[in-house]
Amino acid sequence: AQQVQQWDRALQKQLVAHKQDMQRMQAEWARAAEEQREREVAEERQVAAQLAVESEGAREGLTQQLEEARGLVVQAEAREGVSRTMLEALEARVTCQRVNIQELTGEVGTA
């Protein structure tokens, strides 16, 4: 009976030691998991900051391209206006020449 009690106490000590080992491992796992979460959060923040910088750069580039495109539109509109004015002037000149030709042919025909 005394032998059984000794085995029981030895098993109880092993059980307590095992429980303590389990608690220690669980604490280590929890700490490792928390450290991993912190690393992931830091990495996500770094990626977000990098994306923000890249987005700002892209936005500035697009804004510059938009301004350049607007400038080209203004230039094209100005050229179109000049071309239209020149065309109107040529049409007026042709009309004047037609009138002159008609007057000359009319004068020549009557002379």
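The paragraphs below go from the overall form to individual side chains.

This is a predicted model, in which local features need pLDDT of at least 70 and side-chain atom pairs count only at pLDDT 80 or more, whereas totals for chains, interfaces and linings use all residues. Residues are numbered from 1 along each chain as its sequence is written, and side-chain values use heavy atoms, with hydrogens and water left out.

The secondary structure of the chain comes to 1 helix and 0 strands, where helices (H or I, at least four residues) and strands (E, at least two) are DSSP runs numbered from the N terminus. The C-alpha atoms fill a box of roughly 160 × 20 × 5 Å along the principal axes. The radius of gyration of the chain is 47 Å, while a compact globule of 111 residues would have a value near 13 Å; the radius is taken over C-alpha atoms, and the globule rule is 2.2 Å times the number of residues to the power 0.38. For a sense of distance along the chain, arginine 59 and arginine 98 are 39 residues apart in sequence and 57 Å apart in space, C-alpha to C-alpha.

How much of the chain is made up of buried residues? Buried residues make up 0% of the 111 residues, with buried meaning under 20% relative accessible area, exposed over 50%, and partly exposed in between (1.4 Å probe, protein chains only). The accessible surface comes to about 10200 Å², of which 57% belongs to carbon and sulfur atoms; these areas come from the Shrake-Rupley method with a 1.4 Å probe, and for residues only the protein chains shown count as cover.

The charged side chains comprise 14 positive and 20 negative ones, and the centres of the two sets lie 12 Å apart. In this count Lys and Arg are positive and Asp and Glu negative, while His and the chain ends are not counted, and the place of a charge is taken as NZ of Lys, CZ of Arg, CG of Asp or CD of Glu.

The count of salt bridges comes to 5, a salt bridge being a side-chain nitrogen of Lys or Arg within 4 Å of a carboxyl oxygen of Asp or Glu. Among them is the one between aspartate 21 and arginine 24, at 2.2 Å from N to O; the two residues are 3 apart in helix α1, separated by about one helical turn. Aspartate 21 is partly exposed at 35% relative accessibility, and arginine 24 is partly exposed at 45%. Another joins arginine 59 and glutamate 56 at 2.7 Å, N to O, again with both residues in helix α1 and 3 residues apart, about one turn of the helix. Arginine 59 counts as partly exposed at 46%, as does glutamate 56 at 33%. The side chains of glutamate 67 and arginine 70 also meet in a salt bridge, at 2.9 Å from N to O, and these residues, 3 apart in helix α1, are separated by about one helical turn. Glutamate 67 is partly exposed at 45% and arginine 70 at 47%.

The surface also carries a nonpolar patch of about 300 Å², made by Met22, Met25 and Trp29. Patches are made of residues with over 30% relative accessible area and no salt bridge, like charges being joined within 9 Å and nonpolar side chains (Val, Leu, Ile, Met, Phe, Trp, Tyr) within 5 Å. Methionine 25 lies in helix α1, which spans residues 2–110, and methionine 25 is partly exposed, with a relative accessible area of 34%.
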